Amino acid sequence: MAWSFRPRVPALILGLAAAGLLSAASAAPLADTTRQAARASLHEWVEVLALPNDANVPADIQKNVAWFAKAFERRGFEVRQLANGDKPMLMATLPSAGPGRKTVLFYAHLDGQAVKPEEWQQASPWQATLKQRQPDGRWAALPLEQLYGEQPDPQWRVFARSSSDDKAPIVMLLAALDALKAQGKQPGVDIKVLLDSEEEKGSPTLGRVIGENLGALKSDAMVVLDGPMHASNRPTLVFGNRGIAQATLTVYGASQELHSGHYGNYAANPAQTLARLLASMKGDDGKVLIQGYYDGIEFDAQAREVMQAVPDDEAALRKRLGIAKAETVGRNYQEAMQYPSLNVRGLQSAEVGSKARTVVPSVAVAEIDMRTVPETPPQRLEKLLRAHIEAQGFHLVDGPLTAEQRASHPRLATLKLGGVSASGSAVRTPLDAPVGQWLRKGMNKAWDSDPVQIRMMGGTVPTGAAVQALKIPFVILPLVNADNNQHSFDENMRLGNYFDGVHSLVHLLAEPF
């Protein structure tokens, strides 16, 4: 085995880190050149945060592409815009320092989620605002000039859209390159950068754009600069992500809504029929009961060791979620993320509340999503779901029901499957892959301890499209605080994580692959 684990961090230290009282690792002070480069980059970070970057607004995207193009050009990169309609992507390549070197492609995204300015506790989501947490837990604004002082407090945070997701990691990368230059060092790898312009829309064109530029983007491995760190705030590596497939299940009753007094006890209520059908799909323990749903999923000793080493505080997690007991699909949170899920994300049948009427509904609808893993491709899960519904006595139809179908089948339903894109595919890199070994070595040099290693995270990110197009291994390197409010209002970035992220990247970039 090419790697090993050190003992877990004591529970007290983990608790302090989770509360934001420690830096990411606190193992070694930042070098002066690293700290100076990080501090200098804060001006650029605030400047680019002032540019709205709504993924739905082409003009926003074009301004951000132009800004980042100039930022990379100032560092000696060759920059080109990759055609993508009116929302180009950006590629930056640092000229090679010599033959025989490995090439690492750093992927990040410059677009952001839409905002509702009235929800933000500041003048504008696009105006970076420095804040400090008060004893009562509320955030109070500080003069922005304090951000640029000699010793900014690591507990301070910058609030703005994309402050963490995903502009901070890009600017951290720029700062790390500046720090290496100040140290008189060349990166230990050749560097390419790909900035996605539609990640917040699911990267619908990422695979195509990469396919059209395969030669230019050819690399040995990909590092994804996105996502939050582990809740302990320790340096984190993520080796995979689940995919997603969606379906709409409609169960039919009578051809029209009926008076519940005249027809209750006579005409079946499709809401209750749907409820029984959904209940047949999952047990009280949360395990999917559809035959074959978990087939092919096995864990070797290495995988179990990795999952066991993740310092999750499950009692704290249950408290935060407001639940008394977790489901037992896996023996712990990490193991649960290794299995495909079956989730009812929405239900509808007639009206509720003050609009409810005394009727037997004519239809009931369930919106379903299935988080997939590499062993369970969506096509197979969809086939198993369809077979299960039919095994419960339902006749599945396509399109509007006919009178003949209604007269012939007591249980009628439709199952409409949503399209599955490459961006929503489940992908995973082996834990002992060379890119993982390289990242672990760099992180160990940065922090004198092993990073938290997550075999498979539960959410879906658009790495699938890139991995399928480039056919290279990848690892996600999250650098931002877990409580950053990404996608929501009051998105923020903790300064301690910003400086620590630059520190991590300096060591990674300096490490030969």
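**Entry 1: a charge pair and its partners**

I started with Asp-178 and Arg-75, whose side chains meet in a salt bridge at 2.7 Å, N to O. Asp-178 belongs to helix 4 (residues 167-182) and Arg-75 to the loop between helix 3 and strand 1 (78-82), so this pair ties together parts that are 103 residues apart in sequence. I keep in mind that this is a predicted model.

Next I asked myself: is Arg-75 buried or exposed? Arg-75 is buried, because its relative accessible area is 17% and the cut-off for buried is under 20%. Asp-178, at 28%, is partly exposed.

I then turned to Glu-44 and Arg-74, whose side chains also form a salt bridge, 2.7 Å from N to O. Glu-44 sits in helix 2 (residues 32-49) and Arg-74 in helix 3 (residues 58-74), 30 residues apart, and the pair links distant parts of the chain. I noted Glu-44 as buried at 13% relative accessibility, whereas Arg-74 is exposed at 54%.

**Entry 2: one more pair, and a network**

I also looked up Lys-445 and Glu-511, and found their side chains in a salt bridge of 2.9 Å, N to O. Lys-445 is in helix 14 (residues 434-447) and Glu-511 is in the segment after helix 16 (495-510), so parts 66 residues apart in sequence are tied together by this pair. Glu-511 is buried, with a relative accessible area of 4%.

Which residues do salt bridges with shared partners join into one network? I wrote down Glu-44, Arg-74, Arg-75 and Asp-178. For the whole structure, I have 18 salt bridges on the page.

**Entry 3: strand 8**

What does strand 8 pair with? Strand 3 (residues 103-109) pairs with strand 8 in the parallel sense over four bridges, and Phe-106 stands opposite Val-223 there. Strand 20 (residues 474-476) also pairs with strand 8 in the parallel sense, over three bridges, with Phe-474 opposite Met-222.

**Entry 4: an annotated stretch**

Last, I checked the UniProt record, an unreviewed entry, which annotates residues 240-392 as "domain: Peptidase M20 dimerisation". Over residues 240-392 I have 32% helix and 21% strand, with the end C-alpha atoms 35 Å apart.

Definitions and conventions
Residues are numbered from 1 along each chain as its sequence is written. This is a predicted model: local features need pLDDT of at least 70, side-chain atom pairs count only at pLDDT 80 or more; totals for chains, interfaces and linings use all residues. Side-chain values use heavy atoms; hydrogens and water are left out. UniProt positions are given in the numbering used here, feature names are shortened, and annotations may be inferred rather than shown by experiment. Helices (H or I, at least four residues) and strands (E, at least two) are DSSP runs, numbered from the N terminus. Two strands pair if DSSP finds at least two bridges between them. A salt bridge is a side-chain nitrogen of Lys or Arg within 4 Å of a carboxyl oxygen of Asp or Glu. Buried means under 20% relative accessible area, exposed over 50%, partly exposed in between (1.4 Å probe, protein chains only).
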